[in-house]
Amino acid sequence: ITRTMAKRLSSITALFITILWGCTQPVKDFDFVRLDRDGYDTRDSIHFSVSIRDTSAQHAIYFSSRTDKDFPSPTIQAEAYITSPAGIRTLHYLEIPTDKLMKKNVVKSSEQNGVYDITWMWKDNFSAPQAGEWKVTLHILNRGKQESYIINGIHEIGINIEPNERKR
């Protein structure tokens with residue numbers, strides 16, 4: 001094989017691998033934010049972005065939380081502002097479970113090393129009216145000791161939107 005031919009072959013191989021990699025990338029349907037568990041200022045906002053491509057499918061919307069085992073509340077209370085790709089904004093009140101005793105709509109939970117990981121289904125059978133990037137902004141309403149805006153014990157909060165396979 002000549003040097004020129006070898007270069008062409010390696011370029012074609014690299015291009016082929018790039019195309020295959022691009023075709024196998026999953027749709028981004030999960031986003032999470034890591035917080036300062038030793039002092040998160042609840043006056044700040046938490047921002048998520050999720051992509052919905054199939055408007056004909058029913059979707060399930062999940063929130064997940066990772067909190068200290070001794071988090072002072074059984075839920076993270078929050079206002080969620082959801083903005084569609086067209087800019088339509090709606091407000092929702094959430095109580096994301098943080099305690100293993102909470103069972104309603106909890107689909108997965110685990111406890112280890114002093115933290116709880118919980119995945120909670122917020123909505124089922126959600127039909128997205130528009131495809132594209134949806135923005136979610138959370139404002140945590142919990143307060144710290146003596147009504148402080150600083151709250152301790154929240155490690156992560158996440159959102160997951162996935163097609164509901166049963167409803168297709």
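T75 in strand β5 (residues 75–83) has P97 as its bridge partner in strand β6. Helices (H or I, at least four residues) and strands (E, at least two) are DSSP runs, numbered from the N terminus. This is a predicted model, in which local features need pLDDT of at least 70 and side-chain atom pairs count only at pLDDT 80 or more, while totals for chains, interfaces and linings use all residues. Residues are numbered from 1 along each chain as its sequence is written, and side-chain values use heavy atoms, with hydrogens and water left out.

**The open sheet**

- An open sheet is formed by 4 strands in the order β3-β9-β5-β6, with antiparallel pairing.
- The edge strands are β3 (46–52) and β6, each of which pairs on one side only.
- On average, neighbouring strands of this sheet are turned by 30° against each other, direction ignored; axes here are lines fitted to C-alpha atoms, for helices over the stretch in contact, and angles run from 0 to 180 degrees between N-to-C directions.
- Strands of a sheet pair through backbone hydrogen bonds, either parallel or antiparallel.
- Two strands count as paired if DSSP finds at least two bridges between them.

**Strand pairs in the sheet**

- Strand β5 is joined to β6 (residues 89–97) by 9 bridges, and the two run antiparallel.
- The hairpin of β5 and β6 has 5 residues between the strands, and G87 there takes a positive phi near 95°.
- With strand β9 (residues 132–140), β5 pairs in the antiparallel sense over 6 bridges.
- Y81 stands opposite T137 in β9.
- Strands β3 and β9 run antiparallel and are joined by 7 bridges.
- S51 stands opposite E133 in β9.
- Strand β5 is largely enclosed by the rest of the structure, because 7 of its 9 residues are buried.
- Buried means under 20% relative accessible area, exposed over 50%, and partly exposed in between (1.4 Å probe, protein chains only).

**Aromatic rings**

- The structure holds 3 aromatic pairs.
- One of them is F63 with W120, a tilted pair at 6.4 Å centre to centre and 35° between the planes.
- This pair links distant parts of the chain: F63 is in strand β4 (residues 58–68) and W120 in strand β8 (residues 115–127), 57 residues apart.
- Both F63 and W120 are buried.
- F126 and W134 form an edge-to-face pair, because their ring centres are 6.0 Å apart and their planes stand at 85°.
- Rings of Phe, Tyr and Trp (its six-membered ring) pair if their centres lie within 6.5 Å; planes under 30 degrees apart count as stacked, over 60 as edge-to-face and the rest as tilted.
- F126 is partly exposed, with a relative accessible area of 21%, whereas W134 counts as buried at 8%.
- F63, W120 and W122 form one aromatic cluster.
- K123 lies over the face of W122, at 4.7 Å from the ring centre.
- A charge sits over a ring if NZ of Lys or CZ of Arg is within 6 Å of the ring centre and within 35 degrees of the ring normal.

**Positive phi outside glycine**

- N113 has a phi near 50°, a positive value in a residue other than glycine.
- The loop between β7 (106–112) and β8 holds N113, and this residue counts as exposed at 76% relative accessibility.
- N125 is not a glycine either, yet has a positive phi of about 65°.
- N125 lies in strand β8 and is partly exposed, with a relative accessible area of 35%.
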